[in-house]
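Colleague: I am new to reading structures. Please take me through one, feature by feature.

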Amino acid sequence: MATQKDIIDQAFPETLKILSDLINFQTVSGSSNLKLIEYCEKKLSKLGAISFKTFHDSKQQANLFSTINGKEKLNGGGIILSGHTDVVPASPKEWSSDPYVAREKDNKIYARGSCDMKGFIACTLAMAPYFAEQKLKKPVHFSYTYDEETSCLGAPVLIKELKKRNINYPICIIGEPTNMKAIHSHKGYYEYITYFTGLAGHASAPDKGVSAVEYAIRYCNKLMELRDELKKRKPKNSIFSPPYSTLQIGKINGGLFTNVIADQCTLNWEVRPVTPADGKFVTENIETYVKETLLPEMKKIYPKADIKKVVIGETIGFEKEEKSDAVNLVCNLTGDNSRGTVAFGTEAGLFQEIGISTVVCGPGSIEQAHTIDEYVTLDQLKLCLKMLVDLKERLTS
Ligand SMILES: [Zn+2]
């Protein structure tokens with residue numbers, strides 16, 4: 001019988017091959033991931049997996065959910081292995097080599113997505129045949145989503161379908177790069193763009209125009225006030241760093257010239273709430289300020305003036321469970337009992353919200369994610385394979 005080491009040795013070259021294939025698909029968020037999804041679906045269906053897909057309205061992006069029931073047909077239960085298929089953009093000029101071609105050097109694989117998070121997907125696909133040949137007691141599910149990097153647009157479409165199917169999925173492992181450490185919580189991530197429409201005019205007669213830039217500044221000041229309020233709302237015994245919800249204005253864009261009243265301005269800003277109530281607090285307060293103060297003043301001069309806040313994404317936080325089956329499972333599998341929190345958002349809160357015990361644990365470090373010359377180490381990929389081999393033992397015994 002193959003030992004754990006034998007399986008890792010066999011699955012490792014296949015992992016690298018699959019990773020290299022996955023990297024070749026240029027699945028930048030917002031662009032089509034259909035070819036990558038087709039590649040994964042083919043591999044899994046050859047092993048007898050049963051799959052379904054859910055799509056973005058454009059039909060150019062898909063989530064794949066595939067189940068290997070093993071030799072006995074089983075319904076419900078089991079473990080979900082989840083990863084997002086999209087990557088952040090890369091500008092090839094800045095890279096040492098083509099970001100969409102895997103390059104192995106110094107025991108590392110360099111490429112966009114190698115660490116975040118095609119490395120994890122490659123490990124799960126390379127292990128799939130070993131799950132398929134076993135008499136699994138519980139099924140294993142492969143969940144590959146689109147557009148995570150743009151505020152988790154894909155996962156909610158999948159989650160809605162999972163909820164509709166009303167199957168009980170007890171545990172989900174999300175393989176975002178955590179150096180294979182179990183992560184039990186993170187803050188939410190809410191992203192907005194606010195559009196200001198004013199009335200252009202000559203700067204010598206400011207009362208005849210409506211400056212979109214100046215109203216945007218007042219809006220910013222209100223946000224800064226709310227930011228201070230968020231600090232005061234810090235929960236007792238917060239596990240996060242910083243311990244309170246944060247707010248940041250990342251980009252402001254508007255106006256034409258010094259002597260022209262600006263008719264347009266846009267503001268990109270974000271909130272990272274420690275509780276959903278903090279997210280609501282910001283939204284409600286800024287909307288009241290707009291409705292009761294800014295808009296009436298603007299419309300008095302120009303009835304068509306407007307302020308429109310667009311939600312780019314509101315990814316809910318991932319809350320620490322008192323006793324988490326998922327975190328305990330991963331700690332048992334990896335033999336590493338350290339549990340922590342991270343400063344980046346994931347799809348974890350979305351799975352948790354429908355009652356699935358969830359943990360974030362995957363190969364690579366977030367420090368390399370989204371960077372120029374992103375990489376994952378071979379050791380991290382091996383550790384991930386080891387976790388999956390141990391998981392297979394657990395699902396069969
Ligand atoms: Zn990621």
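Colleague: In what order do the strands of the open sheet of four strands stand?

Modeller: Strands of a sheet pair through backbone hydrogen bonds, either parallel or antiparallel. Here the order is β11-β13-β9-β14, and the pairing is antiparallel. Strands (E, at least two residues) and helices (H or I, at least four) are DSSP runs, numbered from the N terminus. Two strands pair if DSSP finds at least two bridges between them. β11 (246-254) and β14 (306-315) stand at the edges with a single partner strand each, so one side of each has no neighbour in the sheet. On average, neighbouring strands of this sheet are turned by 15° against each other, direction ignored.

Modeller: A word on the source. This is a predicted model: local features need pLDDT of at least 70, side-chain atom pairs count only at pLDDT 80 or more, and totals for chains, interfaces and linings use all residues. Residues are numbered from 1 along each chain as its sequence is written, and side-chain values use heavy atoms, with hydrogens and water left out.

Colleague: How many bridges join β9 to β13?

Modeller: Eight bridges join β9 (residues 189-197) to β13 (residues 264-272). One example is F196, whose bridge partner in β13 is C265.

Colleague: Which strands does helix α5 lie across?

Modeller: Helix α5 (residues 212-232) lies across β9, β11, β13 and β14, at about 10° to β13. Angles run from 0 to 180 degrees between N-to-C directions; axes are lines fitted to C-alpha atoms, for helices over the stretch in contact. Helix α6 (residues 276-301) also packs on the sheet and touches β9, β11, β13 and β14. The direction of α6 makes about 170° with that of β14. Contact means heavy atoms within 4.5 Å.

Colleague: At what angle do helices α2 and α3 pack?

Modeller: Read the angle by class: under 35 degrees is roughly parallel, over 145 roughly antiparallel, 65 to 115 roughly perpendicular, and the rest oblique. α2 (residues 34-46) and α3 (residues 114-132) pack at about 25°, with axes 10 Å apart. They are therefore roughly parallel. The contact involves L36, Y39, C40, K43 and L44 of α2, and K118, L125 and A128 of α3.

Colleague: And what is the angle between α1 and α2?

Modeller: Helix α1 (residues 4-24) packs against α2 at about 150°, with axes 10 Å apart. That makes α1 roughly antiparallel to α2. E14, I18, D21 and L22 of α1 meet L36, Y39, C40 and K43 of α2.

Colleague: How many helices and strands does the protein chain have?

Modeller: The chain has nine helices and 17 strands.
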